[in-house]
Amino acid sequence: MRVLELAPQVYVSGQVFEDDLKLAAKQNVRTIVNNRPDDETVGQPKSADLARVARELGMTFVHFPLESRSISKESVEEFARVCNELERPLLIFSGSGVRSTKIWEMAE
């Protein structure tokens, strides 16, 4: 898993899997935000399965799916509101991380 820092205690990555969540928990990540709709690609883990693992590891998991082609102003505003209320460190992910980076930058 390749992780980039977007802001203090805010990180972005591409698709995460259960082992990545375990690694994130060891690094004291408190919240995971998934920007991928379920079934976007073959082999992608279900959001509910990742949420279960995150909860078992003591992390909060938020599923905030976004279509990759267009991000509405309303989605950006809601994303900003949701993220402002989440405990940090925060890891946001999408398929490659580009979508998550884009909405974070738009929200900032």
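This is a predicted model: local features need pLDDT of at least 70, side-chain atom pairs count only at pLDDT 80 or more; totals for chains, interfaces and linings use all residues.
## Where β1 meets β2

Alanine 7 sits opposite valine 10, a residue of β2. Strands β1 and β2 run antiparallel and are joined by four bridges.

## The sheet as a whole

Stepping back, you can find an open sheet of five strands with mixed pairing, in the order β1-β2-β5-β3-β4. β1 and β4 (60-63) have a single partner strand each and stand at the edges, so one side of each has no neighbour in the sheet. On average, and ignoring direction, neighbouring strands here are turned by 25° against each other.

## Helices on the sheet

Helix α2 lies across β3, β4 and β5, and its direction is at about 165° to β4. Helix α4 packs on the sheet too, where it touches β1, β2 and β5. The direction of α4 makes about 120° with that of β5.

## How α3 and α4 cross

Now look at helix α3 (residues 73-84) and helix α4 (residues 98-107), whose axes come within 9 Å and cross at roughly 85°. That angle makes α3 roughly perpendicular to α4.

Which residues of α3 and α4 meet? From α3 come Ser75, Val76, Phe79, Ala80 and Cys83, and from α4 come Ile103, Trp104, Met106 and Ala107. Sorted by class, this contact has eight nonpolar residues, one polar residue and no charged ones.

## The covered side of α4

The buried residues of α4 are Arg99, Ser100, Thr101, Ile103 and Trp104. Their cover includes helix α3 along with the strands β1 (3-7), β2 (10-13) and β5 (90-93). Ile103 and Trp104 also belong to the contact with α3 described above.

## Asparagine 35

One more residue deserves a visit: asparagine 35, placed in the loop between β3 (31-34) and α2 (47-56). Is asparagine 35 buried or exposed? Asparagine 35 is buried, because its relative accessible area is 0%, and buried means under 20%.

Setting aside residues up to four places away in sequence, asparagine 35 touches Phe64, Pro65, Leu66, Phe79, Ile92, Phe93, Ser94, Arg99, Ser100 and Ile103. With one of them, serine 100, there is a polar contact of 2.7 Å between the side chains. Serine 100 is itself among the buried residues of α4, and Phe79, another residue touched by asparagine 35, is part of the α3 contact with α4.

Note on methods:
Residues are numbered from 1 along each chain as its sequence is written. Side-chain values use heavy atoms; hydrogens and water are left out. Axes are lines fitted to C-alpha atoms, for helices over the stretch in contact, and angles run from 0 to 180 degrees between N-to-C directions. Helices (H or I, at least four residues) and strands (E, at least two) are DSSP runs, numbered from the N terminus. Angles under 35 degrees count as roughly parallel, over 145 as roughly antiparallel, 65 to 115 as roughly perpendicular and the rest as oblique. Contact means heavy atoms within 4.5 Å. Ala, Val, Leu, Ile, Met, Phe, Trp, Tyr, Cys and Pro count as nonpolar, Asp, Glu, Lys and Arg as charged, and the others, Gly among them, as polar. Buried means under 20% relative accessible area, exposed over 50%, partly exposed in between (1.4 Å probe, protein chains only). A polar contact is a pair of N or O atoms within 3.5 Å; within protein, one must be able to donate a hydrogen and the other to accept it, and residues adjacent in sequence count only if both atoms are side-chain atoms. Two strands pair if DSSP finds at least two bridges between them.
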